[in-house]
Amino acid sequence: MAQYWQEIHALTMRWVRRLSREKFSMLFTLVQPMLFWLIFFGNLFQRAADVQVTQAPDYISFLTAGVVVMTVLNNGLAGGVDLLFDKENGFLERLMTTPIHRSSVILSRFIFVMTITSLQVLVILGVAFLFGVQPATGLLGIATILMIGMLFGVGLTAISMAMAFSVKSHGDFFSVLGFLSLPMIFLSSALVPLAGMPAWMGFLARFNPMTWAIDAVRPLILSGWTDALPHVGMVVVVMVIFDALCLYGSAKVFRRAMG
Amino acid sequence: MDRAIAIQVSHLTKTFDGHTAVSDLSFQVYSGEVFGLLGPNGAGKSTTLRTLITLLTPTSGTASVLGHDTVREADVVRQLIGYVPQERAIDRFLTGREHLELLGALYHLPKAEATKRIAELLKLVELEEPADRPAKTYSGGMKRKLDIACGLLPDPKILFLDEPTLGLDVQSRLRIWDYMRMLKARGMTIVMTTNYLDEADQLCDRLAIIDKGAIKALGSPTELKIGLGGDIVSLTLKDQTKIPILVSALTGQPAMRAVKATPTGLDIRVDSPEKALPAILESANRLDCQLEFIEYHRPRLDDVFIAHTGRSMTESVQDIQTG
């Protein structure tokens, strides 16, 4: 057990070191979602968005939940990228010839992605606060938001890592990523509530796990516990099923790739 | 004298999606020797090596390292070996020291022990000065040295190197050879793949010539050269259109063991040059083949390779590199 921990710690610290050496990329990763979506998009649609439809005091406070979950989505889907590069340059092979538990590599990645995502979510909530968005459920609500983010992120990161191990080239990986990310966002309640969507889009969005996550995060920010609790309960069930499916599928891929 | 067996490979076969990479390979590696797998790219060297280091599971047959099966006891094998991969498996954002520290943790070394060993290794491969710079600032030779330090970190019983000097400049190459000789002098068993004949000749105690997934010859470089029998007479003709006539004239003559056309002339394997040379010159004169150059030498590893695979090692390497 001590050995297991030593491996996971060393591998996780490697990801942290890499990130700290890529200062520019780190800044970009952190700033991009709030800059593009929250600040630009949120303010841009301030007057275009119909308060009757969003049911929120202003568009930014409506959008915050969406941006939080989008960040989870993008970080999760990109979570396997570094393993992809490790696979391509032979570093993974070097790791696989050492007497480590195969799962250490995977676990270190989960820990790293979850930590970074949580930090980013906190920063987003902080920026939203500067624009006057105060989470209605307080600190406990923020903790709940982080928990929902992690539940969603685990499944996404598993998919991403499984994809990293299965694709032939990193071109394929980024094509699939680009193809998944935006439709997932548009076909969810991130930008427009389900009730305000064209019927067919609203119908599809119901099958998007992202919608469930957003619909739980949004009342935590906008209304309060009475409104939020049923949604939170529901999202936990949905996410447990989602994660179980993702982990089951990706575990097969990991076992084949790493022996 | 019976020597201790470090590696035992029995009837190893590995296929990928219906393509057979190695087929029914059997050989042994003795403790303390430098064993080479020599062959062109795609011959099956790397597949064999990767099976030994537990990265691949044989389709059939077995491999064992110091008595431990590479599939059933993979974890034990991984404790005993060090690996220097072919690609520069370097994380460009980590420093040299951080690479070694990471591996120290993955081999579960206590911190004090790891620190001591890392200092020794950095000194050994002459990377003390750049040890705390990110690896992206390293030259190709420095990265290779770091690779080797990484392979040595677990203090392995057997060190595996995949193409240790591929793509290096001459100086770095000689330096890597020095390290390998020193490790051998310390009693380490070394298994390496290479497609450089001079490297195999210089470093290996024994080598297996692999081509198309099978062992074509196995022995010490000297044994292999002597085993060919006879020496080589190489002719360069002024008029290359005459090559086929001369080949057919010489083939079957009593003093000639084997006659083969080359792009510029002929390579003739002979038992004794005293008998063969006059006969060769006589035939050349009679057929009016003017000789530009005549060379006589002991068999080289390239000749061994040609004799066993029917083509030149250097040709097949160039095929791959230009094609």
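Predicted model: local features only at pLDDT ≥ 70, side-chain atom pairs only at ≥ 80, totals over all residues.
Which residue in β5(B) is the bridge partner of V65(B)? The partner is H68(B).

**Chain B, the sheet**

I then traced the strands around that bridge. β4(B) covers residues 60–65. I find β4(B) and β5(B) paired in the antiparallel sense, over two bridges. Next I wrote down the sheet order in chain B: β2-β1-β4-β5. The sheet is open, has four strands and pairs antiparallel. I checked the edges too. They are β2(B), residues 19–30, and β5(B), residues 68–69. Each of these pairs on one side only.

**Chain B, the helix on the sheet**

I looked for what α1(B), residues 45–52, lies across. I noted three strands: β1(B), β2(B) and β4(B). β1(B) spans residues 5–16, and α1(B) runs at about 120 degrees to it.

**Chain A, a helix pair**

I turned to α5(A), residues 81–89, and α8(A), residues 138–166. I read an angle of about 20 degrees between them, with the axes 8 Å apart. Angles under 35 degrees count as roughly parallel, so I logged α5(A) as roughly parallel to α8(A). The crossing of the two is right-handed.

Which residues of α5(A) meet α8(A)? I listed V81(A), L83(A), L84(A) and K87(A). On the α8(A) side I listed M161(A), A164(A) and F165(A).

Definitions and conventions: Residues numbered from 1 in each chain as written. Chains lettered and ligands numbered in written order. Pairing = 2+ DSSP bridges. Contact = placed C-beta atoms within 7 Å. Axes fitted to C-alpha atoms, helices over the stretch in contact; angles between N-to-C directions. Parallel < 35°, antiparallel > 145°, perpendicular 65-115°, else oblique. Left-handed = near helix turned anticlockwise from the far one by under 90°.
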